[in-house]
Amino acid sequence: MIKIVHICLCTLLISVSLNAQRTINRLEAGQYAPDTLISILENTGEYSLSYNPEILTDLPLFTLEYPINSLDQLVSSLKEYPYIDLEINEQSQRIIITKSVLITISGLVIDSLSGESLPEVLVYNSTKVLGFSNLDGFFSITVNTNLDSVSVNLFGYESQTFAIDQIQSKGTIKLVNLNTLENVVITNTNNDSQFEDIIPDDKIRNEHLSKSQGISGNSDVFSYLRMLPGVSVGSEGQNGLSVRGGSPDQNLILLDGIQIYEASHLGGLNSIFITDAIKYVQFYKSAFPSRFGGKLSSVLDVRLKDGNRNTFSRSFSAGIEGIEGHIEGPLGENTSINLNGKLSWFSLIASPLIEDNLDFNNTTLRYSDGYAKFSHWFTPSSRLSFSFYNGEDVIRLSRNAHSAPAFSSFTDVNRIEWGNRLIALNWNVALSDAVFLTSSLGVSNFNYSSRGSYNINYTENDTIKSNSFDILSTSDLRDISLQSTLDYYSEKSGKYSLGTQLIRHINSPSIIESEEFLDPEIINTAAMDSTYKSMEFAIYADNTRYLGKYFTVNGGIRLSYFGGLNNNFFYVLPRASMSYEKNNFRVGASYSRMNQFIHLLVNPGPGLPSDLWVPSTENIEPELSDNIDIEFQYNTGHFSFGINGFYKFYKNVIEYSNDSDIFYSLIIDNERFNVSVNNSNWEERVSIGRGVSYGAEFKLGYSVGKFEWHTSYTLSKSERKFEDFNNGEAFPYKYDRPHNFSSIVGYSFNDNHAIQLNFAYGTGNAFTAATTEIKSIDCTSRPAPSSRNNARVPDFHHLDILYTGQKANEKGGVWSYSIGVYNIYNRLNPFYVYLFQDPETQNFDEFRKISIYPILPKLNIKYSW
């Protein structure tokens, strides 16, 4: 018995001794020099180490993801460090450390059917993310030759794994497609990847766009973006996007790398983009890469498909809104084409409804779009492409009223037109296994005009009198741009992006007022303001690093210059972001400083929308914004939740100084308060101030079986402050929307048929209302506001329903259709409002609204083959 106890005690002591030897002082998570960790391993005395100390010099820092306090954890962590190899002999307790042999793998990822290059393809191994393909499908990674395999994954495509030991001596591969990888052994896997959810949230997939329908029932980019938290659901007739309390002009919208100033149709009916033509969409509202500049609030980067290189594919659709066509295919072995067009006949359907329900006697609502892209490949990794776009919009609304106590007739004609034209030349080439060059040259032209002519015939003291007023605001912008970006993939310090950008701006803004009722088709160009010519130049740099499996950091800087108008402005714009992503959750934070050289002056009153694009000048400095964002995301597959907090500080924002400028020659039902015509230069009409925007964004998603639900809510505040008016006090910005909510509920009956309900709600935009009266010099009364943006238009909301279906035929074509109702309960959301005079009391105490989109049918039929 005593011998048994003695043996047990000895065994226990030996076990304790061994455990003590395999325990080390706790190492906290963080970065360590490799020689420091090797010294800790050596000092334990558990192993005998054999290595040359020189191999540990000039190696990158090693990142510990978690705190460790055991020898086994330390050894396991060092085995994942790619720059050294550990050969462990447990019997002799010896470790031989040698310097790893690293190789660079580069390639191009393309779609197996169309030959289209695929951006943002995830490249990873069993333990960590190695990188992503860039926007042109090119990737470059450096790996240890001891690594067994590398995998690639993209949502909607089959995951692929290839063996490293099959790589040729040159150390590169070219990915022809995701089903056939050149010079490697393929192991087919399913789409389940532990890193699948790590694909950045700002990457919008075409599958998402297909689930977002515009008013007519066809898929649309802007309709999808307006479902995202932080993006306003819009307003009746509102062009563009309002992101995090910013104005539509603060969004940088790029088509094949060239800026477009307006991307909406018919006051927010839909966007100019044709979904079938799109290769990918990126949307940033924070963490802006340094290659983007010139805007304050967001970036929307849309790239067109290069065109199917293997066979022709086509689609044609027709609906309530108009017709749309798409064709792409090869023009030769190395050349492809992508052609698209869209034409509206919306007036034929909508005008009778609008005129019958909304007191208009003549309306015109039309638009058109045309795209073309030609691409030629000199080599698989060298492509030259030419892109072209042309589009225009026309909105015309007129009324003619008769019989009232104080007048005999009233006529107004309102006309808004805008259009974009763009040409772009892009060259994308891999200069080596680790260097990729993207260069673009483009010309963009944008024209905008807003015209309102008003005439009132009334009786006063039994005498018939007439009052007329006409106002025209126009903007003509032309940009000539050149940009080049070099991506360098470093084996030790991640990915670097270095670039430069040069833009020549030619800007002609103008306001013309007259006390005549003029034909809206006539424009007096002689009275227009000056043309401004300026130059914008920037150089920028970014560095992205993956620190271990879960932590990513990005740092960048943009040096920006603007001059040419007797002024020179220079800015240093830092960018930084970091994220930690593991399993089902992600946390992150970012800071970005942005600037803007081209400003948008908007109508401060309640009347017809008016845009005036103006440059920074000697008197008007460029706008600046500091953007701070924090985020938390959680996703289990069936359930997702996200929350973001943001804070934005603005400097050098501009607004009209006079509350009544431009449109406070109000048409008050059928009477007008006289306002003197003012044809002074726009610079004399504006004030410079500052602003702030902050809020919280929430999103929820749930899907199970055939049911799917997504909702987003934004609680925010956006203010402006000017010393020159409103007593120097802060006031709500025009695009301040405290509450913004959208929700989509969908049910799939089977793979081909589904139904969807969509509800959108947003607080009404703020505007300056005349709530009091003041005496003019001639002793007549005119309306005056008590403060800036002291009123709001009625809240915007609508409920839609849509049923979709599709069916393939024997010839390989697919018929698809969508049918539904926009604005089910016929909510008459305001396009603009005016002050109404009660004919009995003669008091001006009621605002009335003008609406343009009542309840409308949705119908769209599409055939693809």
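This briefing goes through the fold, cores and aromatic contacts of a predicted model.

The protein has 865 residues, and buried ones (under 20% relative accessible area, with exposed over 50% and partly exposed in between, for a 1.4 Å probe and protein chains only) make up 55% of them. Its secondary structure comes to six helices and 54 strands. These are DSSP runs numbered from the N terminus: H or I over at least four residues for helices, E over at least two for strands. Residues are numbered from 1 along each chain as its sequence is written, and side-chain values use heavy atoms, without hydrogens and water. Local features need pLDDT of at least 70, and side-chain atom pairs count only at pLDDT 80 or more, while totals for chains, interfaces and linings use all residues.

**Confidence and contacts**
- The average pLDDT (the predictor's confidence in each residue, from 0 to 100) is 79, and 78% of the residues score at least 70.
- Residues 12-21 stay under 50, and the model gives them two contacts (heavy atoms within 4.5 Å) beyond four places in sequence.
- Residues 662-677 are also below 50 in pLDDT. That stretch has 67 contacts in the model beyond near neighbours in sequence.
- Among contacts between residues at least 6 apart in sequence, 66% join residues at least 24 apart.

**Helix 3**
- Helix 3 spans residues 71-79; Leu-71, Leu-74, Val-75, Ser-77 and Leu-78 are buried there.
- Seen down the helix axis, these buried residues fall within an arc of 160°, so they line one face of helix 3. The arc is taken from the directions from the helix axis to the C-beta atoms.

**Nonpolar cores**
- A nonpolar core is a set of buried Ala, Val, Leu, Ile, Met, Phe, Trp, Tyr and Cys residues joined through side-chain atoms within 4.5 Å.
- The largest core has 32 residues. Leu-266, Phe-346, Ile-395, Phe-446, Trp-613 and Tyr-853 touch the most other members.
- Elements that each supply at least two residues of this core include helix 6 (346-357), strand 28 (435-460) and strand 35 (598-602).
- Strand 35 gives the largest share, three residues.
- Trp-613 has contacts beyond four places in sequence, among them Asp-249, Lys-295, Phe-446, Pro-509 and His-599.
- A second, separate core of 30 residues includes Val-221, Phe-222, Ala-277 and Tyr-371.

**Aromatic pairs**
- A pair of aromatic rings is described by the distance of the centres and the angle of the planes.
- The whole structure holds 26 aromatic pairs. Rings of Phe, Tyr and Trp (its six-membered ring) pair if their centres lie within 6.5 Å; planes under 30 degrees apart count as stacked, over 60 as edge-to-face and the rest as tilted.
- Tyr-647 and Tyr-694 are stacked, because their ring centres are 6.1 Å apart and their planes meet at 15°.
- Tyr-647 lies in strand 38 (residues 639-656) and Tyr-694 in strand 41 (residues 686-704), so this pair ties together parts 47 residues apart in sequence.
- Tyr-647 is partly exposed at 40% relative accessible area, and Tyr-694 is partly exposed at 34%.
- Trp-815 and Tyr-863 form a tilted pair, with 4.6 Å between centres and 40° between planes.
- Strand 51 (residues 814-822) holds Trp-815 and strand 54 (residues 856-864) holds Tyr-863, so the pair ties together parts 48 residues apart in sequence.
- Trp-815 is partly exposed at 46%, whereas Tyr-863 is buried at 18%.
- Tyr-747, Phe-749, Tyr-803 and Tyr-817 form one aromatic cluster.

**Charges over rings**
- A charge sits over a ring if NZ of Lys or CZ of Arg is within 6 Å of the ring centre and within 35 degrees of the ring normal.
- Lys-582 lies over the face of Tyr-550, at 5.7 Å from the ring centre.
- Arg-788 lies over the face of Phe-725, at 4.1 Å from the ring centre.

**Two asparagines and Phe-707**
- Asn-726 is not a glycine, yet its phi is positive, about 60°. This residue sits in the loop between strand 42 (707-721) and strand 43 (731-732), and is buried at 15%.
- Asn-789 also has a positive phi, near 50°. Its loop runs between strand 48 (781-785) and strand 49 (791-792), and Asn-789 is buried at 7%.
- Phe-707 lies in strand 42 and is partly exposed at 32%.
- The C-alpha atoms of Phe-707 and Gly-746 are separated by 6.0 Å, though the two are 39 residues apart along the chain.
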